[in-house]
Amino acid sequence: DGGSHTVMWIVGLIALLAVPCAFLAGVTLVAVQHGEFLRRHGATFVAATRGVFQRFQPSSHMACVYYIGRTFCLSVTCVVFTDTKVFQLVFLCLLLLIWMVYQ
């Protein structure tokens, strides 16, 4: 394999994490400052963010951060644990168990 394989693996990992992590960071920022943005922008803010916050109760808007994080972890499980199906299954079961306890 050599050094070029390692470099390509690192570049692929960075590319895989760049967009989802940036999106999750943006959603976290908006969720943390939800009240301030709501006071400042009103109905425009609600219309712009309804795809993220609409499914949750107004008092629990931080739950979208956990939901998006869980969905990201579910989606990359097969990419991260490519060698063994056992690790994929264990990680998925563990992740869903944690989510059930959280709910």
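Predicted model: local features only at pLDDT ≥ 70, side-chain atom pairs only at ≥ 80, totals over all residues.
I started with the largest pocket, and its lining is His34, Leu38, Phe45, Val46, Thr49, Arg50, Phe53, Gln54, Phe56, Gln57, Pro58 and His61. A pocket here is an open set of points on a 1 Å grid over the protein atoms alone, where a 1.4 Å probe fits, with protein on both sides within 12 Å along at least five of seven lines; lining residues have an atom within 4 Å of a point. Helices α2 (34–41), α3 (43–48) and α4 (50–53) each give two or more residues to that lining (helices are DSSP runs of H or I, at least four residues, numbered from the N terminus).

Residues are numbered from 1 along each chain, and side-chain values use heavy atoms, without hydrogens or water.

Next I looked for disulfides (two cysteine sulfur atoms within 2.5 Å). I searched the whole structure and got zero. Cys73 is in none, with the nearest cysteine sulfur, in Cys21, 9.3 Å away. What about Cys93 and its closest cysteine sulfur? That sulfur belongs to Cys78 and is 12 Å off, so it is too far for a bond.

I also checked exposure (buried is under 20% relative accessible area, exposed over 50%, partly exposed in between; 1.4 Å probe, protein chains only). Cys73 has 26% relative accessibility, so I logged it as partly exposed. Cys93, at 46%, is partly exposed too.

Last, Leu17: it sits in helix α1 (residues 2–32), and its 32% makes it partly exposed.
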